[in-house]
Amino acid sequence: MRKFVPQFQGSPWRDGARVLHAYLVPDLTVDQDLAQLVRSCHEAMKPYPITPLSDNLLHATVEMVADTTADRITDDEREALAQTLRHHLDGAVPFQVMAGSPIANKAEVAA
């Protein structure tokens with residue numbers, strides 16, 4: 001397995017650099033089927049040199065601000081982004097997605 005070298009905008013990732021993301025976060029106390037899938041995946045990965053995400057970090061990335069790093073986005077700009085997301089998600093109702101088998105690669109365990 002090759003060492004994972006993260007990149008941002010085609011260049012090696014700068015130490016400490018962060019980018020803003022919008023995530024969907026499941027409620028594992030409500031979705032027992034997903035909670036069982038997560039437990040099963042953790043159990044299956046035990047013998048391998050993979051550190052799975054803890055349950056509280058489980059998420060689906062919806063969008064990433066890839067124009068710039070998070071340190072270059074002001075507090076006012078972050079608030080404007082958050083307000084815009086709130087506006088567009090106002091009235092959203094719960095929905096279902098299907099999670100497939102986990103796929104481990106050099107960067108993550110994805111489903």
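Predicted model: local features only at pLDDT ≥ 70, side-chain atom pairs only at ≥ 80, totals over all residues.

**The whole chain**

Residues are numbered from 1 along each chain as its sequence is written, and side-chain values use heavy atoms, with hydrogens and water left out.

Now switch to cartoon view. You'll find two helices and six strands, in the order β-β-β-α-β-α-β-β from the N terminus. These are DSSP runs numbered from the N terminus: helices are H or I with at least four residues, strands are E with at least two. Of the 111 residues, 12% count as buried; buried means under 20% relative accessible area, exposed over 50%, and partly exposed in between (1.4 Å probe, protein chains only).

Select Gln9, in the loop between β1 (7-8) and β2 (11-12). Gln9 has a positive phi of about 55°, although it is not a glycine. Is Gln9 buried or exposed? Gln9 counts as exposed because its relative accessibility is 54%.

Next, pick Thr68, in the loop between β4 and α2. Thr68 counts as buried, since its relative accessibility is 19%. Leave aside its neighbours within four places in sequence, and Thr68 is in contact with Phe8, Gln9, Val19 and Ile73.

Go to the second largest pocket, with a volume of about 440 Å³. Of the 19 residues lining this pocket, select the ones closest to its centre: Ala22, Tyr23, Val62, Leu85 and Leu89. A pocket is an open set of points on a 1 Å grid over the protein atoms alone, where a 1.4 Å probe fits, with protein on both sides within 12 Å along at least five of seven lines; lining residues have an atom within 4 Å of a point. The points are joined across faces, edges and corners, and the volume is the space filled by probe spheres set on them.

Which element gives the most to this lining? Colour α2, which supplies six residues.

**Last stop: Val97**

Finish at Val97, in the loop between α2 (75-89) and β5 (103-104). Val97 is exposed, because its relative accessible area is 69%.

Definitions and conventions: Contact = heavy atoms within 4.5 Å.
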